[in-house]
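The sequence and coordinates are shown first, and the account follows directly after them.

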Amino acid sequence: MNKCLAKVLTVTLLALTSLSINTAMAYPGMQKKDNGTAQSSIDRISVLPETYPIDVVPFSDANGKPVDFSQYRGKVIMVNMWATWCPPCVRELPAIERLASKFDKAQFEILPISIDLNGKEQVEPFLKELGMEDFTSYYDEKQQLGQVFPLDTIPATFILNKEGELIAFVRTFVDWDDEKAVELIQSFIDKPL
């Protein structure tokens, strides 16, 4: 009886293992990558098949004035959630600044938003220490944007179309100096309203 039970369990486990491998391979991104080509971190960006409306949730500028995404309608905006205590976030900042300089501000705007609890009081000296005193950051000390964006992982970048709808996101470090980043952003800018 034990040998029979062992054979049944072995066959069942093999069948389940085969099924789980096939099921896992069916999900997007689960397929093996071609090891012969280098992967770009830009490939981590998820472009949504449909736009997703975003509620108006305020954050603040360096003067403490409330800001929200509706003020940027007509432009593609890239929202980058970051914090001073997050090494990958800090690593992205210079590249984000360089990316912004490659586009016309009338068409594209980058909004780096710090979630540091002490806001400007903590961020400005930190940026000065990095030699980035001219870097413009926004603030969301109370993480109110968590109502519309998942903030459990940072850095997190959310790209909104000219209508203020979510069209793409990535929740990890990205090399924004990659030429593919410019191509992707330009493709969003070139989409008609």
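An α-helix has 3.6 residues a turn, so residues three or four places apart point the same way.

Just after α3, Gly-131 adopts a positive phi of about 80 degrees.

## Basis of the model and overall fold

The model is predicted: local features need pLDDT of at least 70, and side-chain atom pairs count only at pLDDT 80 or more, whereas totals for chains, interfaces and linings use all residues. Residues are numbered from 1 along each chain as its sequence is written, and side-chain values use heavy atoms, with hydrogens and water left out.

The chain contains four helices and eight strands, where helices (H or I, at least four residues) and strands (E, at least two) are DSSP runs numbered from the N terminus. Along the sequence, these elements follow the order α-β-β-β-β-α-β-α-β-β-β-α. Of the 193 residues in the chain, 40% are buried. Among contacts between residues at least 6 apart in sequence, 73% join residues at least 24 apart.

β4 runs parallel to β5, to which seven bridges join it; two strands pair if DSSP finds at least two bridges between them. Val-76 has Phe-108 of β5 as its bridge partner. Together with α2, these two strands make a right-handed β-α-β unit; right-handed denotes that, with the strands pointing away from the viewer, the path from the first strand over the helix to the second runs clockwise. β4 also pairs with β7, in the antiparallel sense and over five bridges. In that pairing, Ile-77 stands opposite Leu-160 of β7.

## Helix α4

Helix α4 has 12 residues (179-190) and should span 16 Å at 1.5 Å a residue; its end C-alpha atoms lie 17 Å apart, which agrees. The expected span is 1.5 Å times one less than the number of residues. Ala-181, Val-182, Leu-184, Ile-185, Phe-188 and Ile-189 are the buried residues of α4. Seen down the helix axis, they fall within an arc of 165 degrees, so they line one face of α4. Their cover includes β1 (46-53), β4 (76-82), α2 (87-100), β5 (108-114), β7 (156-160) and β8 (165-170). On the face turned away from the buried side, Glu-183 and Asp-190 are exposed.

At the start of α4, a side-chain oxygen of Asp-178 comes within 2.8 Å of the backbone nitrogen of Lys-180. Ser-187, also placed in α4, is partly exposed, with a relative accessible area of 35%. The side chain of Ser-187 reaches the backbone oxygen of Leu-184 at 2.6 Å. A polar contact is a pair of N or O atoms within 3.5 Å; within protein, one must be able to donate a hydrogen and the other to accept it, and residues adjacent in sequence count only if both atoms are side-chain atoms.

## Loops on either side of β7

The loop between β6 (138-139) and β7 holds Pro-155, and the peptide bond from Ile-154 to Pro-155 is cis, with omega near 0 degrees. Gln-143 is found in the loop between β6 and β7. Gln-143 has a positive phi of about 55 degrees although it is not a glycine, and its relative accessibility of 34% makes it partly exposed.

Asn-161 lies in the loop between β7 and β8 and counts as buried at 14% relative accessibility. Leaving aside neighbours within four places in sequence, Asn-161 is in contact with Thr-51, Lys-75, Val-76 and Ile-167.

Technical notes:
Buried < 20%, exposed > 50% of the residue type's maximum accessible area, 1.4 Å probe, protein only. Arc of directions from axis to C-beta. Contact = heavy atoms within 4.5 Å.
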